[in-house]
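Trainee: I would like to go through this structure with you, one question at a time.
Mentor: Go ahead.

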Amino acid sequence: MKKWFSSAVVAGMALLVFAGCGGGDEKTNEAGGGAVDVEVWLTPQWKGVMDAAEDGADYDSFFKEAAKRYKEENPDVNINVQVIPGEQRSDKLSVAIQTKTLPDIFFDSSFALSEYAHMGVLTPLDDIIDDETKSDIPASIWENVQINDQTYFYPFGHNPGTLAYNADMFKAAGLEEYIAGEHEIATWNVADFEKILTALKEHNDKVSPFGLYAKNNQGDTWNLTYMRMFGNKFFDEEGNIIVNEDNGVQALSYINDLRKKGLTTSGPESLTSNDVNAMFQNQQTAVNFTNAVLFSGIQKDMEDGKVNKFDMRLANIPSETDPLSFTYVTSSVVFNTGDDAKMQAAKDFVKFYSTDPELVKASKNTLPVRESVSKELAGELPYLEAYNKNAPYIINFSNNTPGYAELRNAFFPELQAVFTDAKTPKEGLDNFTEQGNRIIENNKKKSVIESGK
């Protein structure tokens, strides 16, 4: 399947950027002298090298420790680390592109960085990925980090998205048969799901059975996945949107019917993902979206007394076909700065911390992508086995599509129109499909990868 992903806000600069950043005019560290300086940017991921309980633990701790170890073997390479707030990522990289001051490495979720591959400012990393690494990481992860069979993102960890549910509320409503083991992921079909939500509502109408939201594009990965509940693939083999086919309309109609029956949070068009996540923690909803990091964060808040304790467990997104899950893959990219020495040093550093037997254990702060690390750390990560069993059901939610940021912004207004009864599910998805395919076509033309420019 073709994998495309971009942002029209910056993709239109593709040719200019490619010429300016990748043309090879600025080779400040050519072989023959001097140290090489490598600039690493990352958005906040986890604190500490291995654990947030370490003294002085911060978001840059892992990379500073990796840099220290790397410099012991490579004294002529200086590694500088800078943490960039997630909301500033796009603006800072846009300025860096225009001023030719790009970092050498960026560490973040791969879907958040894919647009830069289409712009032509990332260099493929296949030359530093050996056969052992290829076989140690599942195919579903590789699918998320490759575009047209080239690897632009070196996977380090991942953060699976599922649902969470309040098992205490399930027990009170007589729903024990739908509760999976403490460290398992429950699988329900769509009929099960409606039965569950109905029973929860009948038992306690002061609690919203299901946390639904559509105020903006944040957390929309779950909303996008709900459209697949009846087997819709969202994208066809050519990368075009097909969510308005009958099974996609059936999925949105199902979600909207749950809303009309009072089985979701009321007024989802005015709620953000943060709103409903807070409601779930305060036991105002029974079933909610979650990912591995959010889930463990709530558990930690329970332990620390910040959140009242309840029996919180995991479930796949309900489906009439295979269970539905997705993941955010935390990865490294290397920018094509035109400086061969810096690019080579950057690639070497990425390979170092992504393969070092000790450093790769830090992936436990999300979840390890490496099967070898999973086996070694299984005793420390009680949910790891369940997540690993779920790996075959992980979808590539973005399809690495050019213009994906625009697609996100086009999708939630259609949900809002449906949730306010301004449009039918069919009308909303027809409009989104028309807009979305126009966005994809425009951005395919601008993509350096797709256009071959």
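Mentor: First, a term: domain bounds here come from an automatic or database domain assignment. Note also that the model is predicted.

Trainee: How far apart are the centres of domain 1 and domain 2?
Mentor: The assignment gives domain 1 as 38-158 + 328-385 and domain 2 as 160-326 + 401-436. Taking the centres over C-alpha atoms, the separation of domain 1 and domain 2 is 30 Å.

Trainee: How many residue pairs are in polar contact across the interface of domain 1 and domain 2?
Mentor: Contact involves 9 residues of domain 1 and 15 residues of domain 2. The side of domain 1 that touches domain 2 has 5 nonpolar, 4 polar and no charged residues. Between domain 1 and domain 2 the count of salt bridges is 0. For residue pairs in polar contact, both at pLDDT 80 or more, the number is 2.

Trainee: Which residues lie closest to the centre of the second largest pocket?
Mentor: The second largest pocket holds about 430 Å³ of space. Its lining has 17 residues, which divide into 8 nonpolar, 5 polar and 4 charged. The closest to the centre of this pocket are Arg228, Lys233, Leu324, Ile394 and Ile395.

Definitions and conventions: Residues numbered from 1 in each chain as written. Predicted model: local features only at pLDDT ≥ 70, side-chain atom pairs only at ≥ 80, totals over all residues. Heavy atoms only, no water. 1 Å grid on protein atoms, 1.4 Å probe; cavity = no way out; pocket = protein on both sides within 12 Å on 5 of 7 lines; lining within 4 Å. Points joined across faces, edges and corners; volume = space filled by probe spheres on them. Nonpolar A, V, L, I, M, F, W, Y, C, P; charged D, E, K, R; others polar. Contact = heavy atoms within 4.5 Å. Salt bridge = Lys/Arg side-chain N within 4 Å of Asp/Glu carboxyl O. Polar contact = N/O pair within 3.5 Å; in protein donor to acceptor, adjacent residues only side chain to side chain.
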